[in-house]
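Colleague: Please take me through this model feature by feature. Give me the general idea, then the case at hand.

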Amino acid sequence: MNNIKVFSPASVSNVCCGFDVLGFSIEGIGDDIFIQKSNTKGIKIRRVTGYEIPIDEKKNTACVSAKALLDYLNINQGFDIEINKNIKPGSGIGSSAASAVGAVYGINKILGSPLEKEQLLKFAMQGEFISSKTAPADNVASALYGGLILVNNRENYKVIKLPVPEDLLAVVHHPLIEIKTSKSRSVLPKTIDINLASQQLASMGGFIHSLHTENFDLMRLILKDYLVEQYRADQVPLFHEIKKIAVARNVICCSISGSGPSIFSLVNGYEKANELKLICDKTFSKSNIKFNSYITGLNSGGVRII
Ligand code: HSE
């Protein structure tokens, strides 16, 4: 195989109760990445279309991840990469993670899959570190595995895929402004109150149980962010307005996606999702803030060949 084209999805991370450890891929929204063997050494970005990203091989997340993989495998083959960048950087929906995952997945395939999927995660993380030195693996794991995942950032990035009730959908609004993950993390406290930690643990445990039992009432009751949202909410355009609308419509939860500025709500059923999307679209349109909005299941696929 000399070349490959892959799709690598955007993702929502944190998911209210799981700061840095929960995430899910977004259906049909992501980067298209074309990779081919080259006759020269090294990884080069030949072309970027869509949103602007650095093409310098030391600053581009796809290049850095791919280089980490090739160094590990001790392979000298060069590769050229073209990215159709459909996820705006600084979006809170895993822009850097998608490119990083696409690059390592595609190159591993071209090389005849010497590594298993779970072995690729740590190389994609090398690229993710370019956008934030303290980056967790929530977006990378979501893009790589697809569906709803729980990742352990300490224990060798062990990933658990969680069950998803069929009716569970997310409505995602992405205001087209950039918030850097590093900046969004800098507003967070360095320590947390033990009572809040305890509440967050109960929320996480309850959420996992509600997934297994498909209990939307429990999910609605238990799914809360006690740790992060309050510190970031004011940086996110229209967050308070959108949350008010979502809560009034009795959604399961509404919070910030990753480090923002994207906002997501979980709902059960397509009709509710579509109604919420339309009403939030109107609020964004009135504000003159440019935005994209999506409805996605929580069980869509991860990175794949197209
Ligand atoms: N979970 C991260 C955060 C975002 O909220 O800062 C992306 O990994």
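Modeller: Start with two helices. H2 passes H3 in a right-handed crossing. Keep in mind that this is a predicted model.

Colleague: What describes two packed helices?

Modeller: Two packed helices are described by the angle between their axes and the distance between the axes. Here the axes of H2 and H3 come within 8 Å. They cross at roughly 145°.

Colleague: Which residues of H2 meet which residues of H3?

Modeller: From H2, the contact takes in Ser96, Ala97, Ala100, Val101, Val104, Tyr105 and Asn108. From H3, Leu120, Phe123, Ala124, Glu128 and Ser131 meet them. By class, the contact of H2 with H3 has 8 nonpolar, 3 polar and 1 charged residues.

Colleague: Why do residues three or four places apart point the same way in an α-helix?

Modeller: An α-helix has 3.6 residues a turn, so residues at that spacing point the same way. Look at the H2 list with that in mind: Ala97, Ala100, Val101, Val104, Tyr105 and Asn108 are among the residues that meet H3.

Colleague: What covers the buried residues of H4?

Modeller: The cover includes helices H2 (95–110) and H3 (117–131). It also includes strands E1 (3–13), E2 (22–38), E5 (148–152) and E6 (158–161).

Colleague: Now charges and rings. Which ring does the charged end of Lys117 sit over?

Modeller: The ring of Tyr145. The charged end of Lys117 is 5.0 Å from the centre of that ring. Tyr145 is one of the buried residues of H4. There is also Lys122, whose charged end sits over the ring of Tyr72, 5.3 Å from its centre.

Colleague: And ring against ring: how many aromatic pairs are there?

Modeller: The count is 3 aromatic pairs. Take Phe24 and Phe264, with ring centres 6.2 Å apart and planes at 75°.

Colleague: Why is the pair of Phe24 and Phe264 edge-to-face?

Modeller: Planes over 60 degrees apart count as edge-to-face. The planes of Phe24 and Phe264 are at 75°, so this pair is edge-to-face. Phe24 lies in E2 and Phe264 in E9 (263–268), so the pair ties together parts that are 240 residues apart in sequence. Phe24 and Phe264 are buried.

Colleague: On to the backbone. Where is Val15, and is it buried or exposed?

Modeller: Val15 lies in the loop between E1 and E2. Val15 is buried, with a relative accessible area of 0%. Its phi is positive, near 50°, and Val15 is not glycine.

Colleague: Is Asn156 buried or exposed?

Modeller: Exposed, at 69% relative accessible area. Asn156 is in the loop between E5 and E6. Its phi is positive too, near 55°.

Colleague: Which residues does the cis peptide bond join?

Modeller: Gly260 and Pro261, with omega about 10°. Pro261 is in the loop between E8 and E9.

Colleague: Last one: where does Asn250 lie?

Modeller: In the loop between H9 (239–248) and E8 (253–256). Asn250 is partly exposed, with a relative accessible area of 47%. Its C-alpha atom is 8.5 Å from that of Val267, 17 residues apart along the chain.

Methods:
Residues are numbered from 1 along each chain as its sequence is written. This is a predicted model: local features need pLDDT of at least 70, side-chain atom pairs count only at pLDDT 80 or more; totals for chains, interfaces and linings use all residues. Side-chain values use heavy atoms; hydrogens and water are left out. Buried means under 20% relative accessible area, exposed over 50%, partly exposed in between (1.4 Å probe, protein chains only). Helices (H or I, at least four residues) and strands (E, at least two) are DSSP runs, numbered from the N terminus. Contact means heavy atoms within 4.5 Å. Rings of Phe, Tyr and Trp (its six-membered ring) pair if their centres lie within 6.5 Å; planes under 30 degrees apart count as stacked, over 60 as edge-to-face and the rest as tilted. A charge sits over a ring if NZ of Lys or CZ of Arg is within 6 Å of the ring centre and within 35 degrees of the ring normal. Axes are lines fitted to C-alpha atoms, for helices over the stretch in contact, and angles run from 0 to 180 degrees between N-to-C directions. A crossing is left-handed if the near helix is turned anticlockwise from the far one by less than a right angle, and right-handed if clockwise. Ala, Val, Leu, Ile, Met, Phe, Trp, Tyr, Cys and Pro count as nonpolar, Asp, Glu, Lys and Arg as charged, and the others, Gly among them, as polar.
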